[in-house]
Amino acid sequence: MDMAAVRAELAPLNERERLRPLEASDYDTVSDQPEENRLRRIFRVITLNGFLLPSIFLRNRIISDQKSFRATFRRIFRYRRVLYVAEGGGTGYLAEYDRKAFFALLFRFFKISSVFILMRRKLTRKYRKALPEMTSQKFWLEIYAEKRNISEK
């Protein structure tokens, strides 16, 4: 139940996207809002939002985008740098196009997904068998008792 190891592994990724005080006027940004027809969208999706394009086709400008749970993909398509600005405008961060990191994370995603897909039947059976115990009051009282004992040490 302790996710400390997972949080430690994700920390370097989170650090790159940590909001910092910024002055948007310090950056020479474009605020392009392209209309996206069906052909452009298909091309964007096929090229994984530009990560499969040769570098010569990428724009060497900074585009600004609103910081949210995901990027506006049609907007940032083909830009090397994106200035994400949080609502209110006083904080944000600059994300840079990194093909190597993108494909490394994509590879890890497929590798982990394949493990779960291969283990799906076994995991489903184990989950169904453990479900009554995991949803019982006794189980959760024991979990919180262990947690309380650990925090008191």
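Q: Which residue forms a salt bridge with R108, and how far apart are the closest N and O atoms?

A: A salt bridge is a side-chain nitrogen of Lys or Arg within 4 Å of a carboxyl oxygen of Asp or Glu. In this predicted model, R108 forms such a contact with E9, the closest N and O atoms being 2.3 Å apart. R108 lies in helix α4 (residues 99–118) and E9 in helix α1 (residues 4–16), so the pair ties together parts that are 99 residues apart in sequence. Helices (H or I, at least four residues) and strands (E, at least two) are DSSP runs, numbered from the N terminus. Residues are numbered from 1 along each chain as its sequence is written. Local features need pLDDT of at least 70, side-chain atom pairs count only at pLDDT 80 or more, totals for chains, interfaces and linings use all residues, and side-chain values use heavy atoms, with hydrogens and water left out.

Q: Is R108 buried, partly exposed or exposed?

A: Buried means under 20% relative accessible area, exposed over 50%, and partly exposed in between (1.4 Å probe, protein chains only). R108 counts as partly exposed at 40%, and E9 is partly exposed at 48%.

Q: How many salt bridges are there by this rule, and which residues are linked in a network?

A: The count comes to 7 salt bridges. E15, R18 and R20 are linked in a network; within it, the side chains of E15 and R18 meet at 3.2 Å, N to O. E15 is partly exposed at 39% relative accessibility, and R18 is partly exposed at 43%.

Q: What is the order of strands in the open sheet?

A: Two strands pair if DSSP finds at least two bridges between them. The open sheet of 5 strands has the order β1-β5-β4-β3-β2, with mixed pairing. β1 (20–21) and β2 (29–30) stand at the edges, each with a single partner strand, so one side of each is left without a neighbour in the sheet. Strand β3 (residues 59–66) and strand β4 (residues 79–85) run parallel and are joined by 6 bridges. The bridge partner of D65 in β4 is Y84.

Q: Where is L48 found, and what is its phi?

A: L48 is found in the loop between α2 (38–46) and β3. Its phi is near 55°, a positive value in a residue other than glycine. R78, in the loop between α3 (73–76) and β4, likewise has a positive phi, near 75°. L48 is partly exposed at 32% relative accessibility, and R78 is partly exposed at 24%.
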